[in-house]
Amino acid sequence: MSNNKAFSPIANFATIPSLNKGLGYLDHGIDESNVPGLGWNLLREDISLPAAVLDHDRLLHNLDWMQRFIAAYGLKLAPHGKTTMAPKLFQMQLQHGAWGITLATAHQTAVAYNHGVRRVLMANQLVGKENMAIISRLLHDPGFEYYCLIDSPRQVDHLGEFYSKREQRLNVLLELGINGGRTGIRDDHQLQSVLAALTCWNGAIVLSGIEIYEGVLDDEAAIRTFLNRAVDLTQKLAEEMHFQRTPILLSGAGSAWYDVVAEVFSAANLGDAVEIVLRPGCYLTHDVGVYRKAQARVQQSNPIAHRMQSGLLPALQVWAYVQSVPEEEKAIIAMGKRDAAFDAGLPTPALHFRPGHFESSAAIPKPTPAHWIITKMMDQHAFLQIGVGDDLQVGDMIGFDISHPCLTFDKWRSLVVLNAQYDIIDIVQTYF
């Protein structure tokens, strides 16, 4: 049942359930502050595999790289939190200079708020009574800043009726879309109908800027045209005094074309009257699939990225055991679709380690042979193609790089954080 009481931040997030997969077994929950004191190490088999792991040094590298890239254009960064849904990672991003956190749903917004996030750009439409009620309860906190998207007069009326009754103000951004794309205003007729609806709710619904998502396109020329459409409309509506926020917000950029968005929006020279906010999310952990390909284009074509040392580094892996070698050229890995994304490419074997040699010179995981390839995945099993005579045994550990971090994170309630020695120095919780 909905109510109008304000949310109160949860007081204690320190206990991690002991039965989450990918952790060592304890009879009780784990206190986050005690994680380093547990003395766990991945290579010593102190945790149950399969396990999702984050490389601490690479996380810091990626945080620094993206913040410097965005700052070079004089823009703001609101990374998309749906990628990880990990409040501890949200806080890392905010501490490294992020303007706010982007989210996709009212539930995600409530999770972020309850973990201390006080500025959210919800890059989606807010629809439905309980979803609107969730946001209403958060807005009782005058220190909470929230934006959502609008693209139809019907939606504007729903929001206006709901928030005007509660004497609240809701910040909204006009979303522009394309034919055949996702949400968003397609043409001038739709635009004028939305603007007309907004005039009926003046005071309750606050038009604060314009938003687009260019990732529905895969052609750079078309993306640039779409971005320039957003710039032109921002200038036009500003001249007509439609916006009620100073400065006006202009936002775009997923994880693949953020460089082009930065180029086009900054080149428009909109000045202090417009605050430009970019929203890539997958940069934090990166990957070795779709986003590595996208980043290769960025590094090659963007002058700022080209000058920066190195690029983004994959910081998320799934480690698993070899559980069977039933044929000379096939091994079965105890990892499956329940553990790693498979929609944008199967996991890639990266590191091989044989337990039992932790204190010897063999204690360092070795790169896997290039011909080792995952050919198929089932719920709990992966088929690894190997070569005749390859030294691979039951009980060996393999670290897999992944493609598409969004759909790997959502398979884990807990991910361990490793230092360079594979010590477990932290645990990150997710809230999907």
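1. Buried is used here for a residue with under 20% relative accessible area. With that cut-off in mind, and bearing in mind that this is a predicted model, one can begin with strand 19, where S414, V416 and L418 point one way while L415 and V417 point the other way, and all are buried. Strand 19 (residues 414–418) is therefore largely enclosed by the rest of the structure, since five of its five residues are buried.

2. Strand 3 (residues 51–55) runs parallel to strand 19 and is joined to it by three bridges, with L54 standing opposite V417. Strand 20 (residues 424–429) runs antiparallel to strand 19 and is joined to it by five bridges, and in this pairing L418 stands opposite I424. The hairpin formed by strand 19 and strand 20 has five residues between the strands, and Y422 takes a positive phi near 70° there.

3. Strand 4 pairs with strand 11 (residues 274–278) in the parallel sense over two bridges, and the bridge partner of L77 in strand 11 is L278. In general, the strands of a sheet pair through backbone hydrogen bonds, either parallel or antiparallel.

4. Helix 6 (residues 188–199) has 12 residues and reaches 17 Å from its first C-alpha to its last, which is close to the 16 Å expected at 1.5 Å a residue. Its buried residues include L191, V194, L195, A197 and L198. Seen down the axis of helix 6, the buried residues fall within an arc of 160°, so they line one face of the helix. On the other side of helix 6, H189 and T199 are exposed. At the start of helix 6, a side-chain oxygen of D187 reaches to within 3.2 Å of the backbone nitrogen of H189.

5. Against which elements do the buried residues of helix 6 pack? Their partners are strand 7 (145–150), strand 8 (170–175) and strand 9 (205–211), together with helix 5 (153–165) and helix 7. L191, which has its place in helix 6, gives a residue-level example: it counts as buried because its relative accessibility is 5%, against a cut-off of under 20%. Leaving aside residues up to four places away in sequence, L191 touches L174, I185 and L233. L191 and D151 are 40 residues apart in sequence, yet their C-alpha atoms are 7.9 Å apart in space.

6. The largest nonpolar core has 112 residues, of which F69, L126, Y146, L170, L174 and F265 touch the most other members. Helix 7 (residues 220–239) gives the most to this core, contributing seven residues. A second, separate core of 21 residues has V35, V53, A350 and I424 among its members. In soluble globular proteins generally, nonpolar side chains tend to be buried together.

7. A last point concerns the surroundings of F69. When residues up to four places away in sequence are not counted, F69 touches Y258, D259, A262, N302, I304, A305 and M308.

Note on methods. Residues are numbered from 1 along each chain as its sequence is written. This is a predicted model: local features need pLDDT of at least 70, side-chain atom pairs count only at pLDDT 80 or more; totals for chains, interfaces and linings use all residues. Side-chain values use heavy atoms; hydrogens and water are left out. A nonpolar core is a set of buried Ala, Val, Leu, Ile, Met, Phe, Trp, Tyr and Cys residues joined through side-chain atoms within 4.5 Å. Buried means under 20% relative accessible area, exposed over 50%, partly exposed in between (1.4 Å probe, protein chains only). Helices (H or I, at least four residues) and strands (E, at least two) are DSSP runs, numbered from the N terminus. Contact means heavy atoms within 4.5 Å. Two strands pair if DSSP finds at least two bridges between them. The expected span of a helix is 1.5 Å times one less than its number of residues. The arc is that of the directions from the helix axis to the C-beta atoms. A polar contact is a pair of N or O atoms within 3.5 Å; within protein, one must be able to donate a hydrogen and the other to accept it, and residues adjacent in sequence count only if both atoms are side-chain atoms.
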